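Thank you all for making time this morning. I would like to walk through one structure with you slowly, so please have a look at it before I go on.

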Amino acid sequence: MAELVAAIGVPHSPHYPSQYPKDGPADTSRNYRAVKAQLDAAKADAIVVVANDHFNTFFLDNFPTFAIGVGEASSGPNDQTKMPHYDFAVHSELASHVLKVGMNEGFDFAVTEDFGVDHAMLVPLHYLTDELKMPVVPIWVNAFVKPLPTARRCFALGNMLKGAIASLPRNMRVAVLATGHFSLEIAGPRVDPGERHGTPDIGWSKHVHRRIASAEIDQLVAEATPEQMWKAGNIGGELLNWIVMLGTVGKAKPCYLADHNDKDGHAFAAWSLN
Amino acid sequence: MSAYQVNKLCHRLYHDRSFRDAVKADPAKAIADWPLSDAERKALLAGDVKQLYEWGVHPFLLGHASRWDLFGLTPAVYAERIRGAKDPA
């Protein structure tokens, strides 16, 4: 049976790769390296990535609440992120199994067999893997087209994902990676003067960070209302990606959690689960 | 008013370079065939992102215009106009 060996949460801002080299001295580079060390130690054979598309894989003609990629391979970034291009394998056996278990348990994924992925998946994978040789299972969560799925539903999806990994009849090690911010506004009314972005609710981001540090996930799920996430920015809903991942973690506390600062509405965290 | 066609147009700006170049060269001509309302067309050509946001255009799509200073929207102008816009109902 497959084994869930690590869970990871990191931000995915598209400007990082051009601004922060993997081996650079900035906090962003250092935090990705610290998380990568935890992922390396877990010796995962495949990685499930939970992230939100930004109208690059999907559009409003058919925008999924939850989607899963089940093809053999993918590539990206399919947006204009300045970073290396990657062609990578999809772990289609694990992806198809998660799809099947999900359907049986009432999670009606949209399914794509032919897709590219944007910075939300590839920026973290760029920093956290060695040339993306590890096969990927992409899961998308709608984090920015109202109405969003509820935090409760996302947490339940994480619970399902944990069970699906455990029931895959193959001896392999699996990691789960969630990406995104807790507070961030892009190109909306709450950007900073002269900027494309703002952090409307740093207090909420710090609060989420404290809940994660203390493994108070039930409370976090109850507090992550649509109103609160929107107050935290027009992509405050990216917390939902994290909540899916937290649904796979159980009561474990993170083995790595970077200190929160006063300007970035995000976190870098890792859980060792085996 | 549905903002769908404006959303679609902004999506095209980001993903279709030839359309983007056409908008840069002659905005009114480039969007002439798009099925926008008169008010949407006027707001777009004026770079009135506050109004377009309030009609429900998604900020991630609207923001693409400022990546290439389209419709007069430098990043600074875009930020000045979008700040304080009201969320659509």
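Let me begin with a term: a salt bridge here is a side-chain nitrogen of Lys or Arg within 4 Å of a carboxyl oxygen of Asp or Glu. What you are looking at is a predicted model, in which local features need pLDDT of at least 70 and side-chain atom pairs count only at pLDDT 80 or more, while totals for chains, interfaces and linings use all residues. Residues are numbered from 1 along each chain as its sequence is written, chains are lettered from A and ligands numbered from 1 in the order in which they are written, and side-chain values use heavy atoms, with hydrogens and water left out.

Over all chains, the structure holds 14 salt bridges. One of them joins A:Asp262 to A:Lys206, with the closest N and O atoms 2.5 Å apart. This pair links distant parts of the chain, 56 residues apart, since A:Asp262 lies in the loop between strand 11 (256-257) and strand 12 (269-272) of chain A, and A:Lys206 lies in helix 6 (residues 202-213) of chain A; helices (H or I, at least four residues) and strands (E, at least two) are DSSP runs, numbered from the N terminus.

How many salt bridges are there between chain A and chain B? The count there is zero, although eleven residue pairs, both at pLDDT 80 or more, are in polar contact between chain A and chain B, meaning a pair of N or O atoms within 3.5 Å, where within protein one must be able to donate a hydrogen and the other to accept it, and residues adjacent in sequence count only if both atoms are side-chain atoms.

Across the interface, 24 residues of chain A are in contact (heavy atoms within 4.5 Å) with 23 residues of chain B. The buried area, which is the accessible area (1.4 Å probe) that two parts lose on being put together, summed over both, is about 2000 Å² between chain A and chain B, and carbon and sulfur atoms give 62% of it. A:Phe59, A:Gln80 and A:Pro189 supply 30% of the area that chain A buries against chain B, more than any other three residues.

Finally, within chain A, helix 2 (residues 27-42) and helix 4 (residues 119-128) pack at about 75°, with their axes 9 Å apart; axes are lines fitted to C-alpha atoms, for helices over the stretch in contact, and angles run from 0 to 180 degrees between N-to-C directions. In that contact, A:Tyr32, A:Val35, A:Lys36, A:Leu39 and A:Asp40 of helix 2 of chain A meet A:Val123, A:Pro124, A:Tyr127 and A:Leu128 of helix 4 of chain A.
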